[in-house]
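I opened my notebook to go through this one piece by piece. Here is what I looked up.

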Amino acid sequence: MSGRYVIHLPVVAADLPAAQRLARVVGRWITVLPMMDPGEMTVSEEDEQFLRHRVFCDLRMSGGRRCVLRDGHDGECSRRLRR
């Protein structure tokens with residue numbers, strides 16, 4: 001056993017892009033909690049929960065922190081949002 005537990009929090013959105021946007025907002029907001037790892041956040045269709053779509057870039061940067069940009073972003077990773 002890894003000693004880690006995952007909380008699954010069902011939230012409904014109209015489509016995949018809307019679900020990913022909502023997950024990014026929630027993920028960035030709750031990073032104030034030290035146990036939160038937004039890099040592991042995924043979304044899926046209700047009836048196909050085995051097919052998950054990553055929300056944030058999964059790459060770790062210097063210092064062990066993760067990139068805050070969306071999955072599949074262009075350019076270099078960043079700890080700040082791009083406008």
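Which residues lie nearest the centre of the second largest pocket? I found Thr31, Met36, Pro38, Arg66 and Arg79 there, out of 17 lining residues. Before going on, I noted that this is a predicted model, where local features need pLDDT of at least 70 and side-chain atom pairs count only at pLDDT 80 or more, while totals for chains, interfaces and linings use all residues. Residues are numbered from 1 along each chain as its sequence is written, and side-chain values use heavy atoms, with hydrogens and water left out.

**Pockets.** A pocket here is an open set of points on a 1 Å grid over the protein atoms alone, where a 1.4 Å probe fits and protein lies on both sides within 12 Å along at least five of seven lines; lining residues have an atom within 4 Å of a point. Volume is the space filled by probe spheres set on the points, with grid points joined across faces, edges and corners. For the second largest pocket I read about 330 Å³. Its lining divides into seven nonpolar, four polar and six charged residues (nonpolar: Ala, Val, Leu, Ile, Met, Phe, Trp, Tyr, Cys and Pro; charged: Asp, Glu, Lys and Arg; polar: the others, Gly among them).

Then I checked the largest pocket, which has a volume of about 1500 Å³. It is lined by 33 residues, and Ile7, His8, Leu9, Met41 and Thr42 are the closest to its centre. The elements giving two or more residues to that lining are helix 1 (16-29), strand 1 (42-45) and strand 2 (48-54). Helix 1 provides the largest share, five residues. By class I got 20 nonpolar, five polar and eight charged residues.

**Chain.** I listed one helix and two strands, in the order α-β-β from the N terminus. Both kinds of element are DSSP runs numbered from the N terminus (helices: H or I, at least four residues; strands: E, at least two). The C-alpha trace spans about 35 × 35 × 20 Å along its principal axes. Buried residues are 24% of the 83 in the chain (buried is under 20% relative accessible area, exposed over 50%, partly exposed in between, with a 1.4 Å probe and protein chains only).

Helix 1 has 14 residues and reaches 20 Å from first C-alpha to last, close to the 20 Å expected at 1.5 Å a residue (1.5 Å times one less than the number of residues). Its buried residues are Ala18, Ala19, Gln20, Ala23, Arg24 and Gly27, and what covers them includes strand 1 and strand 2. I marked the largest nonpolar core as Ala19, Ala23, Met41, Val43, Val55 and Phe56; such a core is a set of buried Ala, Val, Leu, Ile, Met, Phe, Trp, Tyr and Cys residues joined through side-chain atoms within 4.5 Å. Beyond its neighbours within four places in sequence, Phe56 is in contact (heavy atoms within 4.5 Å) with residues including Ala23, Gly27, Met41 and Val68.

**Two single residues.** Is serine 78 buried or exposed? Buried, at 16% relative accessible area. Serine 78 sits in the segment after strand 2, and I found it in contact with Met61, Cys67, Val68 and Leu69, leaving aside neighbours within four places in sequence. Aspartate 15, in the segment before helix 1, counts as partly exposed at 41%. Its C-alpha is 34 Å from that of glycine 3, 12 residues apart along the chain.
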